[in-house]
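I opened the model and went through it one topic at a time. These are my entries, in the order in which I looked things up.

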Amino acid sequence: MKPSRTPKKQQSRIRLLDEETINRIAAGEVVERPASVVKELAENAIDAGAKQIRIEIRTDPGGISRIRVTDDGSGMDAAEARLAFTRHATSKITSWEDLSRVASMGFRGEALASIAAVSRVTLVTKPADDAVIAGTRLVIDGGEIVSEEAAGTPAGTSITVEDLFAATPARKKFLKRKATELAHIYTAVERCALAHPRTAFLLVQDGAEKIRTYGRGGLFGVISALYGTGIARSLVPVNGTTPYMRIEGYVGRPDLNRQNAQMIVLSVNERQITSNVLLRAIRAGFGTLLPKNRYPVVFLALNIDTALVDVNVHPAKKEIRLSREDEIVRDLAAAIRTSLGDKELIARGTPAPGGSAAPAPAAGVAESHSAYRIDPRHERMPQQPLHAAFGQTDTRLRLTEHGAAGAAAKVPGSLTVLGQIDTAYIVVVRKDDAGEAILLIDQHAAHERVLYEQVLAKRERETTAQELIVPVILTLRSKEAEIVRGARHALMTEGFLVEEFGGDSFAVRTVPVILGRQVAPDLVRDCVADIAMETRVSAENVRERITTVIACRGAIKAGTPLSAEQMQKLVDQLVRSKNPWTCPHGRPTMVIFGRNELDGMFRRT
Ligand code: ADP
Ligand code: MG
């Protein structure tokens, strides 16, 4: 599928939309802040087929004093220029039927009118048509044309916006600090550039170049230009064609995760959008590679048949509505899962300072490499006699020794265990073609992952429940009791038969048998506590939480001394897992320090 776009070079003539179309347009405020002006003007330039877009921002102590966007697109003749500032005048659609197949960025004919109503606008434009010799210069103040003259100018359009919100103090009051508004402008330009890799963008603020992309090198070229090669190198390509869409782009390695969704940049048919539906697909695609409260870095360009995309739902056109939502979510998640599935995703140790050549990190990008919350459940177990501990660990390791025995090792190279640090981390030397590296493995997280996968695989085949001779009575707090009542059916499917026992008490009558062992009945309490942290509790969720809790409880704890042989066994089991990179909670199981990282830490670069 090629993005079906109305021919860019020569836009059809601007005309007023009819009453019916106007009424069907999602109305609302288009111009909220300076960044909205930048976005609308840049998108108009895109629609006009511009190859280069130059955005100039002037500031004074009070804020942003001038915005100018200049393009080399189709331009307008004098009559069109006059009409462009009339509300509902557009060259992009002619009737409401067109609303169902909009491929241009604009379609409402509202932006220029809205901008002109709250500012002073100077438009200089000339059609990219050789027959036209002179261009047009229009000044519009508060929505009224105050001057019109012929002007010598190159083909294309330049729109200058000054005194924004000067006459609407109520709106002006809502603006944030100058730095915040500038950050919004940077973000708007970045996102626009990412959605349009074939267009060169330049953002100049008070004479200084802030953002530059080149209009070549595709999405990867734009990402490198905006965020530097450091981020670009940590990306995994995602490509795929499904019945409803074409997917192109990149997802960041899981250890590049962030605390918000700001580095999830999505476009659908070249329109930059936000979408909770697509966000859900992305999360599902990452699965247990990410902690629940963290967000990945994602740059995706989706091409979806315009008939399935309703762009007319949000005043600033930032959201869309999708038909075939379920299929799209499923296929996007699968595409991401597949691309990550065959990659080595070991979390990197402290990045080498000289390694990444990020020129000037743009707003919002500078954040520490990764931040993982350590769960209190990972606290150490009380010290016990060495032989007793070894014995218990042997049992735990035996539980999982057959699961992935035949599978190929996912971590390339040979692994030699050096020892254990603080009875929590295993130190390994990895040797492969690239050289040697230190691998630190979190023993609890590692075994948790191994156990999780095996419980999951086993359970897909059968769940056996074992009746307890003496039922275990749990007395819960009322909030937890509510959760148990809601999750009783799901718990039963998992092998826990839980019955009301008066008030907020419950009797656990059966427990699941997993990997040949009976699960401790009071594990229900842990499951409930875990489920209580979820906002949306679906049967699917309950299932996953129970598996996670079982894995966590059964796994070797931090604080457990391990023999050399046990460490080797555990490492061996881990690297043969389907996803050895993170524990089921999304924290890393291992961190690698390669030559780059080591040289960086020793300032050798
Ligand atoms: P819309 O983009 O929804 O059509 P706008 O108010 O943003 O509405 O623009 C109105 C019209 O002005 C556009 O349809 C287009 O024909 C014309 N126009 C606006 N900006 C440009 C530009 N940079 N180059 C050429 N034509 C433009
Ligand atoms: Mg527009």
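**Entry 1: Leucine 497**

I started at leucine 497, which sits in strand E23, residues 497–500. This is a predicted model, so I read every value here as computed. Is leucine 497 buried or exposed, or something in between? Leucine 497 counts as partly exposed, because its relative accessibility is 25%, and the buried class ends under 20%.

Next I looked up its contacts. Leaving out residues up to four places away in sequence, leucine 497 touches Met492, Ala507, Val508, Arg509 and Thr510. I checked one of these by distance. Arginine 509 is 12 residues from leucine 497 in sequence, yet the two C-alpha atoms are 5.3 Å apart.

**Entry 2: The whole chain**

I stepped back to the chain totals. The chain has 605 residues, and 51% of them are buried. I noted 16 helices and 26 strands. The exposed surface comes to about 27700 Å², with 52% of it from carbon and sulfur atoms. I also looked at contact range. Of the contacts between residues at least 6 apart in sequence, 72% join residues at least 24 apart.

**Entry 3: The sheet of 8 strands**

I traced an open sheet of 8 strands with mixed pairing. Its order reads E7-E6-E5-E8-E3-E2-E9-E10. Which strands stand at the edges? They are E7 (144–151) and E10 (208–212), and each pairs on one side only. From one strand to the next, the twist averages 15°.

I then looked at one pair in detail. E2 (residues 52–60) and E3 (residues 63–71) are antiparallel and share 8 bridges. Within this pair, arginine 54 of the chain stands opposite threonine 70 in E3. Helix H6, residues 178–195, packs on this sheet. H6 touches E2, E3, E9 (200–205) and E10. The direction of H6 makes about 170° with that of E9.

**Entry 4: Ligand 1**

I moved on to the ligand. How many residues lie around ligand 1? I count 22, and Asn44, Thr90, Ser91, Lys92 and Gly109 come nearest. Helix H2 (34–47), strand E4 (89–90) and helix H4 (111–117) each supply at least two residues of this shell.

I listed three polar approaches:

- Aspartate 71 places a polar side-chain atom 2.8 Å from a nitrogen atom of ligand 1.
- Lysine 92 has a side-chain N or O atom 2.7 Å from an oxygen atom of ligand 1.
- Arginine 108 has a backbone N or O atom 2.9 Å from an oxygen atom of ligand 1.

On its own, ligand 1 has 530 Å² of accessible area, and the protein covers 98% of that.

**Entry 5: Two positive phi angles**

I looked for positive phi in residues other than glycine and wrote down two. Histidine 88 has a phi of about 65°. Histidine 88 lies in the loop between helix H3 (78–84) and E4. I count histidine 88 as buried, because its relative accessible area is 14%.

Threonine 423 has a phi near 45°. Its loop runs between strand E19 (414–421) and strand E20 (425–432). At 21% relative accessibility, threonine 423 counts as partly exposed.

I checked the pairing of E12 (residues 245–252) with E15 (residues 298–304). These strands run antiparallel and are joined by 7 bridges. Arginine 246 has asparagine 303 in E15 as its bridge partner.

**Entry 6: Aspartate 331**

I finished inside that helix. Aspartate 331 belongs to H9, residues 325–341. Is aspartate 331 buried or exposed? Aspartate 331 is buried, because its relative accessible area is 12%. Not counting residues up to four places away in sequence, aspartate 331 touches Thr242, Pro243, Met245 and Ile247.

Methods: Residues numbered from 1 in each chain as written. Chains lettered and ligands numbered in written order. Predicted model: local features only at pLDDT ≥ 70, side-chain atom pairs only at ≥ 80, totals over all residues. Heavy atoms only, no water. Pairing = 2+ DSSP bridges. Helix = DSSP H or I, 4+ residues; strand = E, 2+ residues; numbered from the N terminus. Axes fitted to C-alpha atoms, helices over the stretch in contact; angles between N-to-C directions. Contact = heavy atoms within 4.5 Å. Buried < 20%, exposed > 50% of the residue type's maximum accessible area, 1.4 Å probe, protein only. Areas by Shrake-Rupley, 256 points an atom, 1.4 Å probe, with all protein chains shown as cover. Near = heavy atom within 4 Å. Polar contact = N/O pair within 3.5 Å; in protein donor to acceptor, adjacent residues only side chain to side chain.
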